[in-house]
Amino acid sequence: MRALAPLLILLAAGAAAAHEADPGAASITPEGLMADVRALCAPELGGRLPGTTGYDEAMRYCGDRFAALGLESGGDDGWSQRLTMELNEIRACELTLVGADGVAEPLVLGSDFACRGFTGSGVADAPVVFVGYGLSLPQRGHDDYAGLDVRGKVVLAIKPAPKWEPADGQGWGDAHLPRPKARAALDHGAAGLLLVPHPTATKPQPAIASVLHGSGEHVGSLPQAELTAAAAARLCAGGLAELAGLVAAVDAAKAPASRELPGRARLAVDAVYDSAAPTANVVGILPGADPELRDECLVIGGHLDHVGRQGDVVWPGANDNASGAAAVLALARAFAEGGVMPRRTVVFVLFAGEEQGLNGARWYVEHPARPFERTIAMLNLDCVAHGDSIQLGGGGTQPLLWGLARGLDAAHARLSTARTWPGGGADAEPFHEQGIPTLYFASTPSYAHLHQATDTPETLNPILHTELVRLAYRTAVEIAQGRYIGEVNEGR
Ligand SMILES: [Zn+2]
């Protein structure tokens with residue numbers, strides 16, 4: 001035991017020395033990260049849906065931080081890089097099912113069901129008709145509505161695309177997304193649309209809130225919600241087994257097997273739609289110190305938005321992606337106050353609208369704060385605080401950048417897994433498509449609460465979060481100091 005005490009003192013001294021040697025990494029702490037996560041998850045921010053006052057408040061929070069750190073504003077209006085996006089504010093939403101047994105049961109918003117992000121408004125109170133996958137593509141040999149009268153009815157459709165191909169072998173395109181399915185339902189006279197996860201999926205899927213809706217015009221007169229298979233099963237006399245059987249019949253025949261169910265539904269939604277609501281990315285710039293390298297830049301980004309609120313229920317999006325936004329703020333602080341004078345310019349971006357389809361990242365790529373020819377790399381931080389390990393995406397196409405981060409992890413926390421993927425992914429994707437090397441930081445397993453109201457700060461792992469952001473910082477320093485010179489992006 002006596003020998004242990006000096007060893008502990010040595011270890012402690014070693015840790016202190018490491019921090020002294022790298023004050024930037026030491027400035028990234030669990031307390032600091034979690035304070036930002038909690039602030040961004042506050043109920044008043046309403047789940048950070050772009051175009052809402054809650055998202056504006058989140059933008060102000062980040063812009064104020066950039067200002068306090070002395071960054072240069074990189075927007076076209078101060079910190080804000082303005083763009084417009086579709087916005088649907090869901091003021092109220094209720095769903096009651098009358099089961100096959102005749103018993104009415106109101107479902108719980110946020111756990112049994114959620115409105116689709118781009119639901120229309122209205123009240124549908126009618127018998128329910130099962131319409132398979134809800135696809136109406138007669139010209140392509142598949143029409144779940146063929147020979148069916150759904151006028152005034154509520155239609156129930158399986159949410160994902162079929163695992164099998166249509167007869168013409170051309171894939172389903174985006175016909176399986178909620179908006180085309182809503183359009184098909186409305187065109188056939190339906191009064192409401194219910195979407196349910198594939199009921200034979202081995203892992204029962206929760207009802208998630210999502211604003212990814214597909215292209216086309218807003219279907220504003222049709223209320224649309226998603227419910228769990230367990231809830232939808234009450235509409236069948238034989239429960240979940242019967243519902244699963246209905247879907248299995250469609251899958252086996254690769255043909256419609258639509259039919260009216262004994263249950264009914266009452267879906268009531270009040271939503272306010274805006275086709276072009278103003279919102280913005282938040283951009284801060286730390287200019288490079290080296291006269292030769294300062295025209296080159298590194299982009300560090302994470303999305304600030306989440307899926308918003310519905311009535312009184314807020315989806316806080318702690319892991320997705322308050323954790324990544326907090327990471328970007330912590331990285332800005334580590335650079336600005338950590339004593340490293342970056343030779344290259346570092347651009348910090350909080351993106352709008354990732355959840356809706358990468359709107360903010362696509363906008364940035366079309367309007368970069370620094371020219372793309374001289375953008376050396378992009379680091380993306382998305383869902384970085386749930387689980388027990390670190391996953392680095394992009395290794396399949398940018399092996400040097402990936403290897404750099406893996407090497408730094410091996411020398412420090414040793415939390416990264418060897419698993420990776422090619423290409424960009426999420427907000428890194430538009431950069432990848434432009435040929436910019438990207439590295440996507442995510443924690444793993446990260447998605448247990450994805451797009452559920454349970455994605456709260458309490459479910460995060462602050463130690464993992466801290467080590468992941470420190471790894472991102474060490475990687476960023478190597479790039480910013482010119483020790484990574486770029487590589488051909490193989491995926492382009
Ligand atoms: Zn995300």
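How many nonpolar, polar and charged residues are in the lining of the largest pocket? The lining of that pocket has 10 nonpolar, five polar and six charged residues, and the model in which it is found is a predicted one.

The protein chain is divided into domain 1, made of residues 25-87 together with 274-480, and domain 2, made of residues 88-272. The centres of domain 1 and domain 2, taken over C-alpha atoms, are separated by 34 Å, and the contact takes 18 residues from domain 1 and 21 residues from domain 2.

The largest pocket is lined by 21 residues, and those that lie nearest its centre are Lys159, Gln205, Ile208, Leu450 and His451. Because domain 1 and domain 2 both give residues to the lining of the largest pocket, this pocket lies between them.

The second largest pocket is lined by 14 residues, with Gly46, Thr52, Thr53, Glu89 and Arg309 lying nearest its centre. Helix α4 (53-68) and strand β2 (80-98) each supply at least two residues of this lining, and the largest share, three residues, comes from β2. Here too both domains give residues to the lining, so the second largest pocket lies between domain 1 and domain 2.

## Enclosed space

A search of the whole structure finds five cavities of 30 Å³ or more. Among the residues that line the largest cavity are Arg116, Phe118, Pro178, His213 and Gln224, and the largest share of its lining, three residues, comes from helix α5, which covers residues 178-187.

| Space | Volume | Lining residues by class |
|---|---|---|
| Largest pocket | about 500 Å³ | 10 nonpolar, five polar, six charged |
| Second largest pocket | about 210 Å³ | three nonpolar, seven polar, four charged |
| Largest cavity | about 60 Å³ | five nonpolar, five polar, two charged |

Histidine 303 and aspartate 382 are both buried.

## Backbone features that stand out

Most residues other than glycine have a negative phi, and most peptide bonds are trans. Against that background, a cis peptide bond joins aspartate 320 and asparagine 321, with omega of about 0°. Another cis peptide bond, with omega of about -10°, joins threonine 444 and proline 445, and proline 445 is found in the loop between β18 (438-444) and α13 (462-480).

Leucine 358 has a positive phi, near 65°, although it is a residue other than glycine. This leucine has its place in the loop between α9 (354-357) and α10 (359-366). Is leucine 358 buried or exposed? Its relative accessible area is 12%, and since buried means under 20%, leucine 358 counts as buried. Alanine 426, which is not a glycine either, has a positive phi of about 45°, and alanine 426 lies in the loop between α11 (399-410) and α12 (429-433).

Definitions and conventions. Residues are numbered from 1 along each chain as its sequence is written. This is a predicted model: local features need pLDDT of at least 70, side-chain atom pairs count only at pLDDT 80 or more; totals for chains, interfaces and linings use all residues. Side-chain values use heavy atoms; hydrogens and water are left out. On a 1 Å grid over the protein atoms alone, a cavity is a set of points where a 1.4 Å probe fits but cannot get out, and a pocket is an open set with protein on both sides within 12 Å along at least five of seven lines; lining residues have an atom within 4 Å of a point. Grid points are joined across faces, edges and corners, and a volume is the space filled by probe spheres set on the points. Ala, Val, Leu, Ile, Met, Phe, Trp, Tyr, Cys and Pro count as nonpolar, Asp, Glu, Lys and Arg as charged, and the others, Gly among them, as polar. Domain bounds come from an automatic or database domain assignment. Helices (H or I, at least four residues) and strands (E, at least two) are DSSP runs, numbered from the N terminus. Buried means under 20% relative accessible area, exposed over 50%, partly exposed in between (1.4 Å probe, protein chains only). Contact means heavy atoms within 4.5 Å.
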